[in-house]
There are 2 protein chains.
Amino acid sequence: MKKIINQPQNVVEEMVAGMAKANPELLKKIEGFNILVRKEQKENKVALVSGGGSGHEPSHAGYVGSGMLDAAVAGPVFTSPNPSAVYRAIQEVSNPSGVLLIIKNYSGDVMNFKMAAEKAEKEGINCEYVVVNDDVAIKDSEDRRGIAGTVLVHKIAGAAAEQGKDLSAVKAVAEKAISAVNSKGVALSPCYSPSSGQPSFEVGPEEMEVGLGIHGEPGVEVQDLKTSREITEMLLEDILAEFKNDEQKFAVMINSLGATPLMELNILANDTYDYLKDQNCKLYKFYTGHYMTSMEMQGISLTLLAVDKEIEEFLSYPSDTLVKL
Amino acid sequence: MKKIINQPQNVVEEMVAGMAKANPELLKKIEGFNILVRKEQKENKVALVSGGGSGHEPSHAGYVGSGMLDAAVAGPVFTSPNPSAVYRAIQEVSNPSGVLLIIKNYSGDVMNFKMAAEKAEKEGINCEYVVVNDDVAIKDSEDRRGIAGTVLVHKIAGAAAEQGKDLSAVKAVAEKAISAVNSKGVALSPCYSPSSGQPSFEVGPEEMEVGLGIHGEPGVEVQDLKTSREITEMLLEDILAEFKNDEQKFAVMINSLGATPLMELNILANDTYDYLKDQNCKLYKFYTGHYMTSMEMQGISLTLLAVDKEIEEFLSYPSDTLVKL
């Protein structure tokens, strides 16, 4: 796989440096770390920190800014940042209102972010965390991974924090969002490690991986490639099964895993709209684009977020970040 | 090439329908046409119409909204919409302030949009047009194609129109932007026709096409694949050569042709920043993302726009569109 890079071992550092240089009005890099923080820190607001392995851009630095995250920690490609990096981010943005970490449910991320939170608590920083696990491809909810739904948790918790809610309230809002969001995806191609150049898995020319993660894992099953309409129905059926009957109004995220272009995302949007209307669902808002990727993987994930009046108000609260939500 | 679609012959229609259904607060589809218009038409404002072949998403419907375009006409994949479709868009958004067409310089687009403009004039609609030709890969300026720089022309002319300038003033602003914008790109892979499934060209595993168009044309030359830094320098040297010496402050667009992910775009942003600073250029703003694509083509284009105080004011004027600029 060809990539436009310099030295493979420097991809994360150069990417983070590029984001900081290109967006000085919005982002500030912490010297010596692959961490981007909000340029204008707001005092006395719960600070939100997220991050994880790189390769999911625009996650998470694309969501740093007013109304969303205060800091994004970028680990090596598909590898959790270490606890000291996460702690450095916490330290940078901490203020008397405290800090909330938004962690995607992967063992490395959970372990390292929790260690950083414990260190922060020891240092007198009021630090809590939540774990996002929106991927319904995994049946055991303990093991459900955090995928594109994480971005909606950033948006909702970010709005609550920006409005001045206290740490326990922001955490409760984030947990409400987490319990209301479910996702599932398909991959048509693997992604490729910048260092080895190797594909993350093999998939046949007429096949797709169903229920993939975002770290180059294969799906939980392989199926023949289907049409947009068939893929939409298959994914939405599994996703809708996770909601209670009284949750019938949704925000929808149609996310490219990297290489799948907007033409296909919008065809999926058409099929998603038609399917959900057939199911008598109400639709609040669509988010269609590149939100949580696996480098140049071909594929998509669908996410539904059950919305009520409170969540709608958070989703419509203004934010100013590289990727607008 | 695998794609997430239904019937290949319906990709444009389903995509346009999907955009309209997913974004009812912003976009309205004209019945019977693949045209998206701004939901809330503003009276007594020069109306801006753009479009062209499909496959360049988010161009152009992603730029329909306040402060940018009033209508986007989507032709078949990589094929100009016919004059009657363009005329239908003009008719829909025309108002006493007149209509300006923003055309990318391809013979089919220029011919069909001009025919539509002539028909509009005959019907008593005050209709002018400008032609964007930012691609410096083509040396003869008559033949220079319109590529990603077109999006900045939408933004600048859109701001001028939204501010209430008259048709001749908006046209003059658009022409000023066109004369101030230059682009060039490289492709690492072809894109694939939805109907035939065939690649638009062949390029070796260690090669890249330099100076490509956005309709699946091969580049003007083939080179060995280079690093991000080398590609940046090569492209910027050619682009900078097009500017006068007194033009030393630039807005920069780093555009994915489809499959190239944000990780690589931001590495390019890092190299672009460093190179332009070495050349003593001032930088106004970076736009990094998917703006003018060729479906799932791997590759990028770089665009520089010389800015003065007037252009900066237009670029910073608020707009509300699917893709935020």
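Chain A and chain B of this predicted model bury about 4,600 Å² between them, with carbon and sulfur atoms giving 63% of that area, where buried area is the accessible area (1.4 Å probe) that two parts lose on being put together, summed over both. A:Lys2, A:Ile4 and A:Met263 supply 21% of the area that chain A buries against chain B, more than any other three residues. In terms of contact (heavy atoms within 4.5 Å), 54 residues of chain A meet 54 residues of chain B. Residues are numbered from 1 along each chain as its sequence is written, and chains are lettered from A and ligands numbered from 1 in the order in which they are written. Local features need pLDDT of at least 70 and side-chain atom pairs count only at pLDDT 80 or more, whereas totals for chains, interfaces and linings use all residues; side-chain values use heavy atoms, with hydrogens and water left out.

Across the interface of chain A and chain B there are 4 salt bridges, each defined by a side-chain nitrogen of Lys or Arg within 4 Å of a carboxyl oxygen of Asp or Glu. The side chains of A:Lys21 and B:Asp274 meet in a salt bridge with an N to O distance of 2.8 Å. The elements that give two or more residues to the side of chain A that touches chain B are helix H1 (11–22), helix H6 (228–240) and helix H7 (262–278) of chain A, helices being DSSP runs of H or I with at least four residues and strands runs of E with at least two, numbered from the N terminus. The largest share of this side, 11 residues, comes from H7(A).

Within chain A, the domain assignment gives domain 1 (11–179) and domain 2 (181–306), with bounds that come from an automatic or database domain assignment. The centres of the two domains, taken over C-alpha atoms, are separated by 23 Å, and about 2,400 Å² is buried between them, of which carbon and sulfur atoms give 65%. A:Phe78, A:Val136 and A:Leu152 supply 24% of the area that domain 1 of chain A buries against domain 2 of chain A, more than any other three residues. The count between these domains is 2 salt bridges.

In chain B, B:Thr303 lies in strand S12 (residues 299–306) and counts as buried because its relative accessibility is 0%, the cut-off for buried being under 20% relative accessible area (1.4 Å probe, protein chains only).

Technical notes:
Buried < 20%, exposed > 50% of the residue type's maximum accessible area, 1.4 Å probe, protein only.
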